[in-house]
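Good morning, colleagues. Today I shall speak about the salt bridges of one model, and I ask you to keep the display in view.

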Amino acid sequence: MEFERIKEIIVDTLACDEEKVTLDADMEKDLEIDSLSLVELHMALEDELSETIPDGEIGKLHTVKDILDYVNSIKG
């Protein structure tokens, strides 16, 4: 999956500023994601991938690049 698609999902799901979503953006510090937003992002990624992501996996990822790498690792 491309960075631009991940960025679009994050912006749509979290209603955050598009300019803040960079590969190095920290989910908690830069994007101010909370636990509810994390669940929403988890569900949005599952919908996009048509795959189940184990509970808690997204919470282990700290940056947008971490999410991109994780998504690409499960999509093979």
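**Salt bridges in the predicted model**

I begin with glutamate 57 and lysine 60, whose side chains form a salt bridge at 3.0 Å, N to O. By salt bridge I mean a side-chain nitrogen of Lys or Arg within 4 Å of a carboxyl oxygen of Asp or Glu. Lysine 60 is exposed, at 54% relative accessibility. On that scale, buried means under 20% relative accessible area, exposed over 50%, and partly exposed in between, with a 1.4 Å probe and protein chains only.

A word on the basis of these values. This is a predicted model, in which local features need pLDDT of at least 70 and side-chain atom pairs count only at pLDDT 80 or more, while totals for chains, interfaces and linings use all residues. Residues are numbered from 1 along each chain as its sequence is written, and side-chain values use heavy atoms, with hydrogens and water left out.

How many salt bridges does the rule give? The count is 4.

Let us turn to arginine 5, which is partly exposed at 28% relative accessible area. Its side chain meets that of glutamate 48 in a salt bridge of 2.6 Å, N to O. Arginine 5 lies in helix α1 and glutamate 48 in helix α2 (residues 35-49), so this pair ties together parts 43 residues apart in sequence. Helices here are DSSP runs (H or I, at least four residues), numbered from the N terminus. Glutamate 48 is partly exposed, at 32%.

Arginine 5 also forms a salt bridge with glutamate 8, at 2.4 Å, N to O. These two residues are 3 apart in helix α1 (residues 3-14), about one helical turn. Together, Arg5, Glu8 and Glu48 are linked in a network of salt bridges.
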